[in-house]
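Me: I would like to go through this structure step by step. Please show it, and then we can begin with a term.

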Amino acid sequence: MGDKEDTRKKKESIIDLSRFVDKTIRVKFQGGRECSGVLKGYDTLLNLVLDRTIEYLRDSSDPSVLSQETRSLGLIVARGTSITVISPNDGVEGIENPFIQSSDAVI
């Protein structure tokens with residue numbers, strides 16, 4: 001019985017986050033919440049431990065837009081099942097959506 005357990009493949013995550021440990025990452029969740037923090041640890045299910053976490057709040061008049069307001073969350077555990085995007089914080093910048101037509105456009 002022990003041989004079968006030894007020959008079974010160990011489950012591994014497809015995403016390698018080891019190079020981002022102790023670096024700031026940005027995380028987007030289902031439902032639209034976003035935060036950034038220092039990655040302290042993770043597991044194969046992509047549950048994340050983030051320190052010095054900051055949540056970016058949404059505009060109350062338009063929930064699709066991030067406001068300038070933030071709130072400090074400190075040390076958090078983010079469940080991997082609710083995470084949609086993980087990205088490095090360095091080099092991340094917002095870009096204008098090229099598919100939104102301006103109000104001046106003639107149809």
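Reply: A polar contact is a pair of N or O atoms within 3.5 Å; within protein, one must be able to donate a hydrogen and the other to accept it. The model here is predicted.

Me: Which residue has a side chain in polar contact with that of Glu 34?

Reply: Glu 34 is part of strand 2. Its side chain is joined to another by a polar contact of 2.8 Å. The partner is Arg 26.

Me: Is Glu 34 buried or exposed?

Reply: A residue counts as buried under 20% relative accessible area. Glu 34 has a relative accessible area of 7%, so the term that applies is buried.

Me: How many residues of strand 2 are buried?

Reply: Strand 2 covers residues 34-42 and is mostly covered. Of its nine residues, the number buried is seven.

Me: Which residue in strand 2 stands opposite Arg 26?

Reply: Strand 1, residues 24-29, pairs with strand 2 in the antiparallel sense over five bridges. Arg 26 touches Glu 34, but the residue that stands opposite Arg 26 in strand 2 is Ser 36.

Me: What is the bridge partner of Val 38 in strand 3?

Reply: Strand 2 also pairs with strand 3, residues 48-58, in the antiparallel sense, over seven bridges. In strand 3, Val 38 has as its bridge partner Asp 51.

Me: Which residue in the turn between strand 2 and strand 3 has a positive phi?

Reply: These two strands form a hairpin with five residues between them. The positive phi in the turn is about 65°, and it belongs to Leu 46.

Methods: Residues are numbered from 1 along each chain as its sequence is written. This is a predicted model: local features need pLDDT of at least 70, side-chain atom pairs count only at pLDDT 80 or more; totals for chains, interfaces and linings use all residues. Side-chain values use heavy atoms; hydrogens and water are left out. Buried means under 20% relative accessible area, exposed over 50%, partly exposed in between (1.4 Å probe, protein chains only). Helices (H or I, at least four residues) and strands (E, at least two) are DSSP runs, numbered from the N terminus. Two strands pair if DSSP finds at least two bridges between them. Contact means heavy atoms within 4.5 Å. Lists of a residue's contacts leave out its neighbours within four places in sequence.
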